[in-house]
Amino acid sequence: MIREMALANQLEITAETLLWRGVIARTIQDWLSKPLRFKREAERYLFENSADLSSVCASAGIDIGRMRKCLYKVRGRPLLDLMPLTTGR
């Protein structure tokens, strides 16, 4: 019973958590697809250490180190290399 309660608490996602995850997702989207000015602002926010990003990630339930590790894999690669093209079939 205790194990199930702990698991339920770990999986509980509140509206606030979803809101902050949306903020991070939107920033990543800007970084990947917006005009250069917005890309630079988003990249600065995502890769420079700031108390604000740390707070947003904590509120979103996201480990900032793991997120950046994933983003470093994407950094510098064209978007088409990251996403497979779909065919009309």
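Colleague: Is E41 buried, partly exposed or exposed, and what is its relative accessibility?

Modeller: Please note at the outset that this is a predicted model. E41 has a relative accessibility of 37% and counts as partly exposed. Its salt-bridge partner is R37, with 3.4 Å between the closest N and O atoms. R37 is exposed, at a relative accessible area of 55%.

Colleague: Why are E41 and R37 separated by about one helical turn?

Modeller: The general idea is that an α-helix has 3.6 residues a turn, so residues three or four places apart point the same way. In this case, E41 and R37 are 4 residues apart in helix α3, which spans residues 36-47, and therefore about one helical turn separates them.

Colleague: How many salt bridges does the structure hold, and which residue pairs with R26?

Modeller: The structure holds 3 salt bridges. R26 pairs with D30, the closest N and O atoms lying 3.2 Å apart. These two residues are also 4 residues apart, here in helix α2 (residues 15-33), with about one helical turn between them. R26 is partly exposed at 43% relative accessibility, whereas D30, at 17%, counts as buried.

Colleague: Which residue forms a salt bridge with R75, and where do the two partners lie?

Modeller: R75 forms a salt bridge with E43, and their closest N and O atoms are 2.9 Å apart. R75 lies in the loop between α5 (64-74) and α6 (79-82), while E43 belongs to helix α3, so the pair ties together parts that are 32 residues apart in sequence. R75 is partly exposed at 34% relative accessibility, and E43 is partly exposed with a relative accessible area of 25%.

Colleague: Let us turn to helix faces. Which residues of α4 are buried?

Modeller: In α4, which covers residues 51-60, the buried residues are L53, V56, C57 and A60. Viewed down the axis of α4, these buried residues fall within an arc of 95°, so they line one face of the helix.

Colleague: Which elements do the buried residues of α4 pack against, and which exposed residues does the face turned away carry?

Modeller: The buried residues of α4 pack against α2, α3 and α5. The face turned away from the buried side carries the exposed residues A51 and A58.

Technical notes:
Residues numbered from 1 in each chain as written. Predicted model: local features only at pLDDT ≥ 70, side-chain atom pairs only at ≥ 80, totals over all residues. Heavy atoms only, no water. Salt bridge = Lys/Arg side-chain N within 4 Å of Asp/Glu carboxyl O. Buried < 20%, exposed > 50% of the residue type's maximum accessible area, 1.4 Å probe, protein only. Arc of directions from axis to C-beta. Contact = heavy atoms within 4.5 Å.
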